[in-house]
Amino acid sequence: IYINTHHLRDIERNWRKPKGIKRILGIGDSFTFGYKVPVDQCFLKILETLLNKDKEKKEWDVINAGVPGYNMWQYVVYLKNYGYRYNPDLTIVSIYLDDFYGENVSAGFSTRPKNRISIHKKIRLFNFLNNLYEKLIYKYRYLIGVRWLKSVKERREYFATSKYGKLLEAKEAKDIYVKFAYRIDKIKKICDSINSKLLIIYIPDAVQLNFPPFKKLNNIVATICKKKSIPFIDMTSFLEDSGNIKEIYLFPYDAHLSYKGHKIIADILFNYIKRPDMKNIMNFN
């Protein structure tokens, strides 16, 4: 995985937007980052390729600011302190269910120097064998207890007894949803201040596909966006229409999207951006 000097999984970019270029900034977590797929198979990179296809010269920058583990407060902080510098014409924020959790814990970070690396960790052979072991454990972890990766059915059973089940069924504590709405509002205000249009998309977990009880969260996100006049696209139905769930997620190896899943999302975004009314809304030529 290549990380550029702006600490993103992307090619090198200048903060200043080149003349004649339209910019899209994509913010999200590991689904946006493209966890476990090559960089050219991430939906933002596919979108950039689609937008520049058949063009005499490049007209679009699509910046991948997805970071594994990020959630809503980090989206706000990133956009406020760094993302705005790209001067994006459109900001796409990708929502996944665990974005409803997580608090700003930066105040508790230690400022003490880190301990020195152990001598054995400097030995190349040790690191090679250790990395090989970790990869094997990761690849086959569903065989050693992580049953929620074995199949969608077992994952759904696991979710039903966890906090995620309560969240998806809209049974979590009210303040969880209130904090989420507050952060959506913060993101919108930042985008308004930099004259960037905002689009919220929802990327579902595999357990939500073709399972109505776990879709109540989608409706909450849609309602919040509607109240704040923010365009919203729920990718759930599009992924459902694609056919076999195993083809759009990486089960049992991983629960993230496959290339096919990323391609579906990229196609939906491409069609949305190229709508005739979007040219006027976003002042695109």
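Author: Contact means heavy atoms within 4.5 Å. The model is predicted, so local features need pLDDT of at least 70 and side-chain atom pairs count only at pLDDT 80 or more, while totals for chains, interfaces and linings use all residues. Residues are numbered from 1 along each chain as its sequence is written, and side-chain values use heavy atoms, with hydrogens and water left out.

Reader: Of the contacts in the chain with a separation of 6 or more, what share do residues 24 or more positions apart account for?

Author: The count takes the contacts in the chain whose separation is 6 or more. Within that set, residues 24 or more positions apart account for 76%.

Reader: How many helices and strands are there in the chain, and what is its radius of gyration?

Author: Helices (H or I, at least four residues) and strands (E, at least two) are DSSP runs, numbered from the N terminus; the chain has 12 helices and 5 strands. The radius of gyration is taken over C-alpha atoms, and the globule rule is 2.2 Å times the number of residues to the power 0.38. For 285 residues that rule gives 19 Å, and the chain is close to it, so it is as compact as a globular protein of that length, with a radius of gyration of 20 Å.

Reader: What percentage of the 285 residues is buried?

Author: Buried means under 20% relative accessible area, exposed over 50%, and partly exposed in between (1.4 Å probe, protein chains only). Among the 285 residues of the chain, the buried ones make up 47%.

Reader: Which strands pair with strand 1, and in what sense?

Author: Two strands pair if DSSP finds at least two bridges between them. Strand 1 (22-28) is joined to strand 3 by 4 bridges, running parallel, and I24 has L90 as its bridge partner there. With strand 2 there are 7 bridges, and G26 stands opposite N64.

Reader: Are the faces of strand 1 covered or uncovered?

Author: On one side K22, I24, G26 and G28 are buried, and on the other R23, L25 and I27 are buried. The tally for strand 1 is 7 of its 7 residues buried, and both faces are covered.

Reader: Which strands are joined to strand 4, and what is the hand of the crossover that leaves strand 4?

Author: Strand 4 (residues 197-202) has 5 of its 6 residues buried. It is joined by 6 bridges to strand 3 (residues 90-95), running parallel, with T91 partnered by L198. A further 3 bridges join strand 4 to strand 5 (residues 232-234), also parallel, and the bridge partner of I200 is F232. From strand 4 the chain crosses through helix 8 (residues 216-227) to strand 5, and this β-α-β crossover is right-handed; a crossover has that hand if, with the strands pointing away from the viewer, the path from the first strand over the helix to the second runs clockwise.

Reader: Why is helix 2 described as largely enclosed by the rest of the structure, and what covers its buried residues?

Author: Helix 2 (residues 43-52) is largely enclosed because 8 of its 10 residues are buried. These are F43, L44, K45, I46, L47, E48, L51 and N52. The cover includes strand 1, helix 1 (30-33), strand 2 (60-66), strand 3, strand 4 and helix 11 (259-273).

Reader: With which residues is E48 in contact, leaving aside its neighbours within four places in sequence?

Author: E48 lies in helix 2 and is buried, at a relative accessible area of 7%. E48 and V62 are 14 residues apart in sequence, yet their C-alpha atoms are 5.3 Å apart in space. Leaving aside the neighbours within four places, the contacts of E48 are R13, K58, W60, D61 and V62.

Reader: How many disulfides does the count come to, and how far from C191 is the nearest cysteine sulfur?

Author: A disulfide is a pair of cysteine sulfur atoms within 2.5 Å, and by this rule the count comes to 0. C191 is in no disulfide, and its nearest cysteine sulfur is that of C225. Both residues are buried, C191 at a relative accessible area of 0% and C225 at 1%. The distance from C191 to that sulfur is 12 Å.
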